[in-house]
Amino acid sequence: MKKRVFSGIQPTGDIHIGNYLGAIKYWVAMQENYDNIFCIVDLHAVTVPQDPKILHRKIREVSGLLLAAGIDPKRSILFIQSHVCAHSELAWLLNCFIPMGWMQRMTQFKEKSGTQKEQVSVGLFDYPALMAADILIYDTQVVPVGEDQKQHVELARDTAQRFNSIYGETFTLPEPLIPNVGARIMGLDDPTKKMSKSETGTNHAINLLDTPEIIRAKFARATTDSLREIRFDEKRPGIYNLLTIYQTFSGRSKEEIEAQFEGKGYGDFKKALAEVVIEGLRPLQERYKELTADPTRIDAILAEGAERARPLAAKTLERVQKKIGLG
Ligand code: AMP
Ligand code: TRP
């Protein structure tokens, strides 16, 4: 039996190389040896205000990018979260078992709500309960995510454990799987902040659909420091981040890269970095173009994914309802 993998991505903003290196790349690689389910989490997206037309378009764009990156709908289930309503139902039930104190510790909520704590939606606060439902409803064992989602996966695990201790063995306990390199790609404009879809600065992120010209210009402007040496030194966050991006796209080791740029300047390195990223994204961009030539194709794949996910989710939900004594 292959292990069950589940992961999700929000259909908001532009998908960037942080999403790719921290998550999507691993989802593609894991298809060989795992039983995979990947989800476009539109219900998570609406925890903050969204324009309906843009949201609808972004759901197709993200799906197209995942397929173009190599998610194979024959081997993996790919679907839209809101197409399988059992996620929301299980989220409600889990809400009734998650202590307020656990939720109040979630750092993503603290970051996202900022100084607006009284104004943000209850949904934003409750986001981790829905994420726990996404994971637990498929008896997920492994959740490949970037570093920022580790705390949420741990909350899902704690929730499963708590429920099991009350009602007996019900949920499988999930584990986060975080990449060794690329788990936290930082913003190009400010390497002390993680690269994020919600940052609007034009120079913040390299998006998967950026043209070669844009990629070259963004790297050329990326923040570094006033030193010269090109070294993997965590105390120099700008150059460290760029080197990490180079490492993941080139597949070379740290030593090889440092030797390659020995005696060279930041300008030369940034040019080489841009080319390696442009070449790395080229096949994905070409496949994306082919896929989106027929707009009905992505919708058909998503509909089929939901068909396959629904019975799996329904089975778990029923098991949980029975345990609780509902109905
Ligand atoms: P999101 O953009 O929040 O929908 O995240 C989708 C996936 O990308 C999650 O697994 C995140 O952990 C991962 N991710 C998001 N931002 C980064 C980043 N800057 N570096 C590495 N992984 C990231
Ligand atoms: N919260 C995740 C993010 O922003 C997306 C997500 C929703 C997810 N449900 C999930 C990731 C379940 C893994 C498993 O990146």
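Select Asp-139 to begin. Asp-139 sits in the loop that joins helix 7 to strand 4 (142–144). Helices here are DSSP runs of H or I with at least four residues, strands are runs of E with at least two, and both are numbered from the N terminus. Asp-139 is not a glycine, yet it has a positive phi of about 50°. Its relative accessible area is 26%, so Asp-139 is partly exposed. The scale runs as follows: buried is under 20% relative accessible area, exposed is over 50%, and partly exposed is in between, with a 1.4 Å probe and protein chains only.

Before moving on, note that this is a predicted model, in which local features need pLDDT of at least 70, side-chain atom pairs count only at pLDDT 80 or more, and totals for chains, interfaces and linings use all residues. Residues are numbered from 1 along each chain as its sequence is written, chains are lettered from A and ligands numbered from 1 in the order in which they are written, and side-chain values use heavy atoms, with hydrogens and water left out.

**Strand 4**

Next, select Pro-144. Pro-144 belongs to strand 4. Is Pro-144 buried or exposed? Pro-144 is buried, because its relative accessible area is 1%. Now show its surroundings. Leaving out residues up to four places away in sequence, Pro-144 touches Val-5, Phe-6, Ser-7, Trp-27, Met-30 and Leu-177. Contact here means heavy atoms within 4.5 Å. Then draw a distance to Thr-170, 26 residues away along the chain: the C-alpha atoms of Pro-144 and Thr-170 are separated by 22 Å.

**The start of the chain**

Go to Lys-2, in the segment before strand 1 (3–9). Beyond its neighbours within four places in sequence, Lys-2 is in contact with Glu-32, Asn-33, Tyr-34, Asp-35 and Gln-141. Pick Asn-33 from that set. Lys-2 and Asn-33 are 31 residues apart in sequence, and 6.6 Å apart from C-alpha to C-alpha.

Select Gln-108, in helix 6. Gln-108 counts as buried because its relative accessibility is 11%.

Rolling a probe the size of a water molecule over the atoms shows where empty space is left. A 1 Å grid over the protein atoms alone is used: a cavity is a set of points where a 1.4 Å probe fits but cannot get out, a pocket is an open set with protein on both sides within 12 Å along at least five of seven lines, and lining residues have an atom within 4 Å of a point. Points are joined across faces, edges and corners, and a volume is the space filled by probe spheres set on the points.

How many cavities of 30 Å³ or more are there? The count is one. The largest cavity holds about 50 Å³. To see its lining, select Met-106, Gln-108, Phe-109, Lys-112, Leu-124, Tyr-127, Pro-128 and His-152. Helix 6 (107–113) and helix 7 (122–136) are the elements that give two or more residues to this lining. By class, the lining has five nonpolar residues, two polar and one charged. Nonpolar covers Ala, Val, Leu, Ile, Met, Phe, Trp, Tyr, Cys and Pro; charged covers Asp, Glu, Lys and Arg; the others, Gly among them, are polar.

**The second largest pocket**

Select Arg-184, Met-186, Glu-234, Tyr-240 and Thr-244. These lie nearest the centre of the second largest pocket, which is lined by 17 residues. The space in this pocket is about 340 Å³. Which element gives the most to its lining? Helix 10 (residues 237–250) does, with five residues. The lining divides into eight nonpolar, five polar and four charged residues.

**Two domains**

Colour the chain by domain: domain 1 (4–178 + 295–324) and domain 2 (212–289). The bounds come from an automatic or database domain assignment. Nine residues of domain 1 and seven of domain 2 make the contact. Together the two domains bury about 790 Å², 77% of it on carbon and sulfur atoms. Buried area is the accessible area (1.4 Å probe) that two parts lose on being put together, summed over both. Select Ile-17, Leu-21 and Ala-68: they supply 56% of the area that domain 1 buries against domain 2.

**Last stops**

Thr-200 lies in the loop between strand 5 (175–177) and helix 9 (212–221). Thr-200 is exposed, with a relative accessible area of 73%. Finish at Pro-283, in helix 12 (residues 266–292). Pro-283 is partly exposed, at 37%.
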